[in-house]
Number of protein chains: 2
Amino acid sequence: MKLRAFAAIVVLALAAFPSRAAGDPLPSWNDGATKSAIVAFVAAATKQDAPSFVPPAERIAVFDNDGTLWAEQPMYFQLAFALDRVKALAPQNPKWKTTEPFASILASDIPGALAGGNHSIMQIIGATHAGMTTGEFAKTVADWLATAKHPRFQRPYTELVYQPMLELLAYLRANGFQTWIVSGGGVEFMRVFSDKVYGIPPQQVVGSSGRLRFEIKDGVPLLLKEPEIDFIDDGPGKPVGIQRFIGRRPVFAFGNSDGDLQMLQWTAGTKGAFEGLVHHTDAEREWAYDHPSAVGQLDAALTEARAKGWTVVDMKRDWKKVFAFE
Amino acid sequence: MKLRAFAAIVVLALAAFPSRAAGDPLPSWNDGATKSAIVAFVAAATKQDAPSFVPPAERIAVFDNDGTLWAEQPMYFQLAFALDRVKALAPQNPKWKTTEPFASILASDIPGALAGGNHSIMQIIGATHAGMTTGEFAKTVADWLATAKHPRFQRPYTELVYQPMLELLAYLRANGFQTWIVSGGGVEFMRVFSDKVYGIPPQQVVGSSGRLRFEIKDGVPLLLKEPEIDFIDDGPGKPVGIQRFIGRRPVFAFGNSDGDLQMLQWTAGTKGAFEGLVHHTDAEREWAYDHPSAVGQLDAALTEARAKGWTVVDMKRDWKKVFAFE
């Protein structure tokens, strides 16, 4: 009995002081203003009876995915998935050899494939993200993640997640925050790996989506993915997605590009909230880019962050480690 | 120290055996096949190492709202809210006296107001649910709930929630289930009271929605409610809403009308899942209706429930108490 009582106290103590018991909760972050700002925010938000205290139910933290939680170069990983799918499906679609944007994709000419703008993108999405059930799509994504390799690092894409951000997610959760993804990426794509990779369950992933149609086929209920876009969770769509899915205003938001600006502005409207931006400044360990950039352009959001004192991560300076495999 | 250790053990014990410690977790349910089916499902789902075991992360329980968690007669409560709003806003809209559907509403002629079908409904929604920020709308709903009285019971609408269903929600949560609302009602309307009344936080409410627009006005970020419908979470829209918001298939679903049929079918596709229907059979304590009915028609879903052995609550027989105030 004595031992069980002792064990019970230890369990309670660990639950009450998760970060202290575990030592430095952010070991991959270098000491400095950025790390201090994060730790100070969490301390203030969890300090009982302080004016800065945030009740646990309101501790909503939102994160962009591409470029914020994992890398996004040389192209969005979901686009790499779509291009690989076109190549895999080409034998069943012989006409693609002579039809754009597929012909360019099969010739590995990506700028050519995207030259048709939105029309081309819709055709690629229609061919790779629709015409199947949600379960079939999830399996296709899982199979791709298990086998595809990132061209520069020659590792599975899911290893290209940022170690400091994994620590930040865990640190926030240990302090009672609910962590959410709010990304322009496809919601059905991200949910395949969000739980395993980030510890974020499917119901806490907000993303862009295509239309779904319910159908009963041979007595089996199905949800079919249709080629029409339903919602674009990017730019001004991000606060809309947050309200639609979460219904609460975040107190913590992290992004990395101009597509995250409105999410950060919406969060900044909450008193005492934290706004963070990842600035890609490390060409050696990752990439260095901001403006102009075809992927993850960071211009207006960086200007506003500097004007308003938001926290800007200088990847090269602030991150001791970028990827776990380093 | 001894006392704290003892307290710690009690806390842990209560957390481990919530239903046993509390005695009968469903005191407002009469003993019988319905109550037994619920208890048997929960026991099977939580039995470690049994084939029926459902991992905690997959314990998703979904509930319709109108007619399942609270009453829906003589009209959906959200419609009562909209009609009251029209009356409140009439002095600022003198033209309504001679324009339909508003003229009929102001004359308390509800069938007349709804005679124009969808067009009339869209006009009522546009006048009462749009043209304001999400925050302003939430305040309007909260003010109405605080003052409006149900015509038959002369009590606030939020007292018209079913006591047995409140117990069921708490029982499921005590056994590690995440409880969700999946309703045809407006998501922004339900979120105002879902946490307080049902213990269901805003991020676990799925509903119909209008379009939102993000805007910065005088430096203040706003989300404006627009008059266009974005999503109808009813009928075949319910499994779509479940996939879109939750991204997991439920293992437990409760509805009361044909609008819940597809949600129940989708849930029934999960092995070992529980499907329940509330059948309104108690004209004395509540109402008795199924088919035909202008509100909450129950016909195809009842036929399928009987054919497939789903659990059908006979309100008169199965509920010891309908409302807490009885």
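Patches are made of residues with over 30% relative accessible area and no salt bridge, where like charges are joined within 9 Å and nonpolar side chains (Val, Leu, Ile, Met, Phe, Trp, Tyr) within 5 Å. Accessible areas come from the Shrake-Rupley method with a 1.4 Å probe, and for residues only the protein chains shown count as cover. A salt bridge is a side-chain nitrogen of Lys or Arg within 4 Å of a carboxyl oxygen of Asp or Glu. In this predicted model, A:Met122, A:Ile229 and A:Ile232 make a nonpolar surface patch of about 230 Å². A:Met122 lies in helix 7 (residues 118-128) of chain A. Helices (H or I, at least four residues) and strands (E, at least two) are DSSP runs, numbered from the N terminus. The relative accessible area of A:Met122 is 32%, which makes the residue partly exposed. Buried means under 20% relative accessible area and exposed means over 50%, with partly exposed in between (1.4 Å probe, protein chains only).

The model is predicted: local features need pLDDT of at least 70, side-chain atom pairs count only at pLDDT 80 or more, and totals for chains, interfaces and linings use all residues. Residues are numbered from 1 along each chain as its sequence is written, chains are lettered from A and ligands numbered from 1 in the order in which they are written, and side-chain values use heavy atoms, with hydrogens and water left out.

The confidence values come next. The predictor gives the complex an ipTM of 0.91 and a pTM of 0.92. Chain A has an average pLDDT of 93, and 93% of its residues score at least 70. Here pLDDT is the predictor's confidence in each residue, from 0 to 100. Over residues 10-21 of chain A, pLDDT stays under 50. For these residues the model has five contacts beyond four places in sequence. Contact means heavy atoms within 4.5 Å. Where pLDDT is low, the predicted coordinates should not be read in detail.

The same surface serves both copies, as 100% of the contact residues of chain B recur in chain A.

Two helices are largely enclosed. In helix 12 (residues 237-245) of chain A, nine of the nine residues are buried, so the rest of the structure largely encloses this helix. Among them are A:Gly237, A:Pro239, A:Arg244 and A:Phe245. A:Gly247 follows helix 12 of chain A and has a positive phi, near 75 degrees. In helix 13 (residues 261-268) of chain B, seven of the eight residues are buried, so this helix too is largely enclosed by the rest of the structure. The buried residues include B:Leu261, B:Met263 and B:Trp266.

B:His279 lies in strand 7 (residues 274-281) of chain B. With 10% relative accessibility, B:His279 counts as buried. Beyond its neighbours within four places in sequence, B:His279 contacts residues including B:Tyr289, B:Asp290, B:Arg306 and B:Met315. B:His279 and B:Gly67 are 212 residues apart in sequence, yet their C-alpha atoms are 9.0 Å apart in space.

Side chains of opposite charge can pair when their charged atoms come close. The structure holds 30 salt bridges over all chains. One joins A:Asp143 to A:Lys139, with the closest N and O atoms 2.7 Å apart. These two residues are four apart in helix 8 (residues 134-147) of chain A, so about one helical turn separates them. A:Asp143 is partly exposed at 39% relative accessibility, whereas A:Lys139 is exposed at 52%. A:Glu304 and A:Lys308 also meet in a salt bridge (2.9 Å, N to O). A:Glu304 is buried at 16% relative accessibility, whereas A:Lys308 is exposed at 53%.

In chain B, the side chains of B:Arg211 and B:Asp230 form a salt bridge (3.5 Å, N to O). B:Arg211 lies in strand 4 (residues 205-217) and B:Asp230 in strand 5 (residues 220-231), so the pair ties together parts 19 residues apart in sequence. B:Arg211 is partly exposed at 42%, and B:Asp230 is partly exposed at 32%. Salt bridges that share partners join A:Glu188, A:Arg211, A:Asp230 and B:Arg244 into one network.
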